[in-house]
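Open the model in your viewer and keep the selection tool ready. Each stop below says what to select and what is there.

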Amino acid sequence: MEPISRRHLLTGACALLVLNGIQTPTAVANTAVKKLPNGRISVNLKKVKELSKVGGSVKVGNVKGRPVAIARTGSSSYLAFSLSCPHQGVTVSRTEDGWRCEAHGSEFESTGELVFGPATTGLQKLPMKINRGVAVIG
């Protein structure tokens with residue numbers, strides 16, 4: 001067996017980091033999300049099982065090239081936020097309790113509020129309009 005070069009090792013490590021940072025919506029969410037003009041998306045909230053309970057949140061796609069999530073904050077209230085860490089822009093990953101930046105360890109509530117840093121603010125809230133159970137983000 002030939003030894004692995006440093007270049008191949010670093011290339012493989014970088015590929016794993018990139019793939020780890022990419023999260024796809026669940027299969028249910030994929031059928032609930034539609035791309036709209038101007039980089040916006042629409043989400044049928046009733047078709048996303050992670051949003052069936054207050055406190056649930058899920059990545060739903062990209063708005064203008066930025067990964068976004070929706071959180072259910074009340075019986076009929078939701079909010080949308082960017083999944084780019086405010087510290088250095090790394091995409092955060094879903095955890096059991098919220099969201100975490102794997103690059104530097106910032107943690108966020110399921111609603112995007114900051115738990116602890118190095119980030120100094122929560123995840124950026126995004127404009128969202130809801131009409132008859134369909135949210136339009138962007």
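Two strands count as paired if DSSP finds at least two bridges between them. Strands themselves are DSSP runs (E, at least two residues), numbered from the N terminus. This is a predicted model, where local features need pLDDT of at least 70, side-chain atom pairs count only at pLDDT 80 or more, and totals for chains, interfaces and linings use all residues. Residues are numbered from 1 along each chain as its sequence is written, and side-chain values use heavy atoms, leaving out hydrogens and water.

**Stop 1: the sheet**

Select Ala69 and Phe81. Phe81, in S5, is the bridge partner of Ala69. Now widen the selection to strand S4 (residues 66–72) and S5. They run antiparallel, joined by five bridges. You now have an open sheet of four strands, in the order S3-S4-S5-S10, with antiparallel pairing. Strand S3 (57–63) and strand S10 (125–126) are at the edges; each has a single partner strand, so one side of each lacks a neighbour in the sheet.

**Stop 2: the aromatic pair**

A search of the whole structure finds one aromatic pair. The ring centres of Phe81 and Trp99 are 6.1 Å apart and the planes stand at 80 degrees, so the pair is edge-to-face. (Rings of Phe, Tyr and Trp, the last by its six-membered ring, pair with centres within 6.5 Å; planes under 30 degrees apart are stacked, over 60 edge-to-face, the rest tilted.) The pair links distant parts of the chain: Phe81 is in strand S5 and Trp99 in strand S7 (residues 98–100), 18 residues apart. Both Phe81 and Trp99 are buried, meaning under 20% relative accessible area with a 1.4 Å probe, protein chains only.

**Stop 3: Ser82**

Select Ser82, in strand S5 (residues 78–82). Is Ser82 buried or exposed? Ser82 is buried, with a relative accessible area of 2%. Show its surroundings. Leaving aside residues up to four places away in sequence, Ser82 touches Arg66, Pro67, Val68, Leu123, Gln124 and Leu126; contact means heavy atoms within 4.5 Å.

**Stop 4: the cores**

A nonpolar core is a set of buried Ala, Val, Leu, Ile, Met, Phe, Trp, Tyr and Cys residues joined through side-chain atoms within 4.5 Å. Select Val43, Val60, Ile70 and Ile137. These have the most contacts inside the largest core, which has 16 residues. S3 gives the most to this core, with three residues. Finish with Leu79, Leu83, Cys85 and Val92. They are among the twelve residues of another core, apart from the largest one.

Terms used:
Buried < 20%, exposed > 50% of the residue type's maximum accessible area, 1.4 Å probe, protein only.
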